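Here's a quick briefing to read with the model open. Have a look at the structure, then work through the points below.

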Amino acid sequence: MRVRVGCCGFARRFEEYAQHLDVVEVQQTFYRMPQHRTVERWRRRVPDRFEFTLKAWQLITHTPDSPTYRRLGHKIPVALRHRYGSFAPTREVEVAWQATLDVARALRATIVVFQCPARFGPTDPHVANLRHFFANVPREGLRFAWEPRGHWPPALVKALCRELDLIHCVDPFVAPSQYGDPCYYRMHGRGGYRYRYTDEDLQQLREMCTGPTYVLFNNVSMWDDAVRFLRLVGAA
């Protein structure tokens, strides 16, 4: 498909979801790693044609002072907190990537999304960490989509994505994608999670999909909006 449409998380039972949509972005892997048998069960419950993408574990991207660590399931020792997040060149981040990669393998995933917090800004240490991480981690055929937050200059984003072979992951109603093929759009709701996309919004979104594009809805009405958008692009 030129445009693949899904949700950030299973918005319905697995079997029902896969009858209507053909891609999902797994969210659980951001908070804590699911057990291997759980991941294998997810893969078995959907057709072979069904595609998984997933979010990288927060231990890679977010520091332990992030409120998302409340869902981690265990405490990070105070003496080790500086070794997690921000793509730090540490053994702890390497292990977190290996755990993410193991899940991606089991799901036969195609893309891993690295969603960064706004506090991960375009400082020299952060840029150095990005370069070290993406130049050294094994990819095993996976595509990497990077979703920076905060005030990253577009020219710097484009240069880093080109240098490190990354897809610039965006909400296209907020900013244009600077680099990458396919495009990877995460639809967070215009103005917030509770937003429901209008027919006019979806028509505008379709016009933004000028080439191979993933469109993953991540708002309160994600299921309805994804199904409506798929009908729209299917009628094109």
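P182 sits in the loop between β6 (167–168) and β7 (183–187); helices (H or I, at least four residues) and strands (E, at least two) are DSSP runs, numbered from the N terminus. This is a predicted model, where local features need pLDDT of at least 70, side-chain atom pairs count only at pLDDT 80 or more, and totals for chains, interfaces and linings use all residues. Residues are numbered from 1 along each chain as its sequence is written, and side-chain values use heavy atoms, with hydrogens and water left out.

**Backbone**
- The peptide bond from D181 to P182 is cis, with omega near 5°.
- S86, in the loop between α4 (58–61) and α5 (91–107), has a positive phi near 60° without being a glycine.
- S86 is also buried, at a relative accessible area of 15% (buried means under 20%, exposed over 50%, partly exposed in between; 1.4 Å probe, protein chains only).
- E140 has a positive phi too, about 50°, and is not a glycine; look for E140 in the loop between α6 (124–136) and β5 (143–147).
- Most residues other than glycine have a negative phi, and most peptide bonds are trans.

**Strands**
- Strand β1 (residues 3–8) runs parallel to β2, joined by three bridges (two strands pair if DSSP finds at least two bridges between them).
- G6 is opposite V23 in β2.
- Four bridges link β2 to the parallel strand β3 (residues 51–55), with T53 as the partner of E25.
- From β2 (residues 23–26), V23 and E25 point one way and V24 and V26 the other, and all are buried.
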